[in-house]
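Please have the structure open as you read.

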Amino acid sequence: MSSKKNTEHLRRMNSWWYLIPLVFTPVFFVSGDKTVPEATQTHPTEVEALQAELPLHVNERVERWIDLFHTVLKSDFEVFLSRRGTYGELVRDALRARGMPEDLLYLAMMESGLKPRAISKASAVGLWQFMSPTALQYGLRVDSYVDERRDPIGATEAALDYLHWLHGRFGSWYLAAAAYNAGPGRVERVLRRYADGRVGDENLYWEIVDHLPKETREYVPRLIAAAILAKNASAYGFVVNSTERYAFDLVFVPGGTTLRRVASALEIDVGILKDLNPHLVQGVTPPTEVYGVRVPVGDSQRVVAALARGPDIRRADD
């Protein structure tokens, strides 16, 4: 074999592996929402019937949010419920795997409306509204090509790590949620000043609620109201559009591969790939590394075939 042919042979041998797709199709479970009797009143009189894993305390603050979600904010809440069809089981699956309350799904719903690309005025991003420093602290990648705060899977794992740590610190999911919103230092200072530093009791949130920041005073009531309504959406008259669950195959592609080129190879709208890969902020994989792109279930081999045909799909000039 000539030197030139030998070099070409080695190049092919060293590059074949990126053509092998890693298929990742999340296994979705039957919804964890518990069936409840048809509501006969605007608000259920026995919240225990919902069999929630979080204690669903109902008081004036919670009632006010139930009213708002059921009236003024009804159309927004219906959109949130529709997105639950896309991302809900992904979050519940992660919560079940950790033995954490599945109702924490509604914390993400209140944070972002379950919208992976959500950005707050304070520059918090993603389903779980991570600020950049906290995201980096919990192992998420944030750079000019990849922002894993927008990744429903990665951000969920990081958020549950953080919530688990907060629960360990305060011994209460209500206080953990409050600390997720206001910061653990703020909640700890309020507990020291107004509750003798006590922890480990869900009722503590209501004892200190008036001393928390304004937004945090409504944070847990919103979470509880959302859980109550979402668990019995049809009885409350919500119209929820069905949506496909978040599922995909993963195929590794060379650096600088654009989603537009992959979409062209698959003959699908590039918007489908953008929805599957919201963390690719420029619509292109990082230029200096092989990277996994999420494609519709069953389409990974078509991407592999396109890669094998030549370099055209790897161009990042559009």
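## What counts as buried

A residue is called buried here when its relative accessible area is under 20%. Please keep in mind that this is a predicted model.

## Helix H2 and its cover

With that cut-off, helix H2 (residues 60-70) has Arg61, Val62, Trp65, Ile66 and Phe69 as its buried residues. These residues lie on the same side of H2, because they cover an arc of only 140° around the axis. In general, an α-helix has 3.6 residues a turn, so residues three or four places apart point the same way.

What lies over this buried side? The cover includes helix H3 (74-98), helix H4 (105-112), helix H9 (204-208) and H10.

## Glu218 in helix H10

Helix H10 spans residues 214-231 and contains Glu218. Is Glu218 buried or exposed? Its relative accessible area is 17%, so Glu218 is buried. Leaving aside residues up to four places away in sequence, Glu218 touches Arg61, Arg64, Trp65 and Tyr205.

## Helices H7 and H8

Elsewhere, helix H7 (residues 173-182) packs with helix H8 (residues 184-194) at an angle of about 125°, and their axes are 7 Å apart. That angle makes H7 oblique to H8.

On the H7 side, the contact is made by Leu175, Ala178, Ala179 and Ala182, and on the H8 side by Pro184, Arg186, Val187 and Leu191. Sorted by class, this contact has 7 nonpolar, no polar and 1 charged residues.

Note on methods:
Residues numbered from 1 in each chain as written. Predicted model: local features only at pLDDT ≥ 70, side-chain atom pairs only at ≥ 80, totals over all residues. Heavy atoms only, no water. Helix = DSSP H or I, 4+ residues; strand = E, 2+ residues; numbered from the N terminus. Buried < 20%, exposed > 50% of the residue type's maximum accessible area, 1.4 Å probe, protein only. Contact = heavy atoms within 4.5 Å. Arc of directions from axis to C-beta. Axes fitted to C-alpha atoms, helices over the stretch in contact; angles between N-to-C directions. Parallel < 35°, antiparallel > 145°, perpendicular 65-115°, else oblique. Nonpolar A, V, L, I, M, F, W, Y, C, P; charged D, E, K, R; others polar.
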